Amino acid sequence: MTFMIWAVSIVMTVSKPFSRERLLATLQRWLPLATTATQTAAAAGDAEALRKTAHALKSSSSNVGAEQLATLCRELETLARKEAVDGAKPLLEVVEFELPRVLALLATILAESPDHATA
């Protein structure tokens with residue numbers, strides 16, 4: 001599980017009060033909200049909102065090594081820049097498939113963390 005190894009190593013340098021557990025727990029809560037905002041923007045045909053939400057989701061995903069999700073969001077961001085919001089639906093369907101995988105991996109990392117109780 002390359003994602004888990006990379007995610008743990010990237011956040012190991014984060015010190016309290018922004019512990020790696022707190023960071024991952026925050027992302028675990030935030031990623032679904034960002035995904036919903038991205039879907040809402042696409043459904044409304046709002047290219048600018050789609051660009052902004054896809055960009056934020058791309059950055060967060062990339063920061064924890066969720067590269068598949070980050071790549072999908074990069075593609076959504078590109079579509080939004082071209083105002084081709086109609087092309088977002090197939091990408092969003094893959095995002096919906098990928099998100100639970102990322103969240104499950106974050107949960108595994110948190111469950112295995114000795115400091116999880118204090119995060």
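The accessible surface of the protein chain comes to about 6,600 Å², and 60% of that area is supplied by carbon and sulfur atoms. Please bear in mind that this is a predicted model. As for burial, 41% of the 119 residues in the protein chain count as buried.

Let me turn to the secondary structure. The protein chain contains five helices and zero strands, and its pattern along the sequence reads α-α-α-α-α. Taking the contacts between residues at least 6 apart in sequence, 66% join residues at least 24 apart.

I now come to the helix pair. How are helix 2 and helix 3 placed against each other? Helix 2 spans residues 20-44 and helix 3 spans residues 47-63; they pack at an angle of about 155°, and their axes are 8 Å apart. Angles over 145 degrees count as roughly antiparallel, and the two helices, helix 2 and helix 3, are therefore roughly antiparallel to each other. Their crossing is left-handed.

Which residues make this contact? On helix 2, they are Leu27, Trp30, Leu31, Ala34, Thr35, Ala37, Thr38, Ala41 and Ala42. Helix 3 contributes Ala49, Leu50, Thr53, Ala54, Ala56, Leu57, Ser60 and Ser61.

Thank you for your attention.

How values were computed. Residues are numbered from 1 along each chain as its sequence is written. This is a predicted model: local features need pLDDT of at least 70, side-chain atom pairs count only at pLDDT 80 or more; totals for chains, interfaces and linings use all residues. Side-chain values use heavy atoms; hydrogens and water are left out. Helices (H or I, at least four residues) and strands (E, at least two) are DSSP runs, numbered from the N terminus. Buried means under 20% relative accessible area, exposed over 50%, partly exposed in between (1.4 Å probe, protein chains only). Contact means heavy atoms within 4.5 Å. Accessible areas come from the Shrake-Rupley method with a 1.4 Å probe; for residues, only the protein chains shown count as cover. Axes are lines fitted to C-alpha atoms, for helices over the stretch in contact, and angles run from 0 to 180 degrees between N-to-C directions. Angles under 35 degrees count as roughly parallel, over 145 as roughly antiparallel, 65 to 115 as roughly perpendicular and the rest as oblique. A crossing is left-handed if the near helix is turned anticlockwise from the far one by less than a right angle, and right-handed if clockwise.
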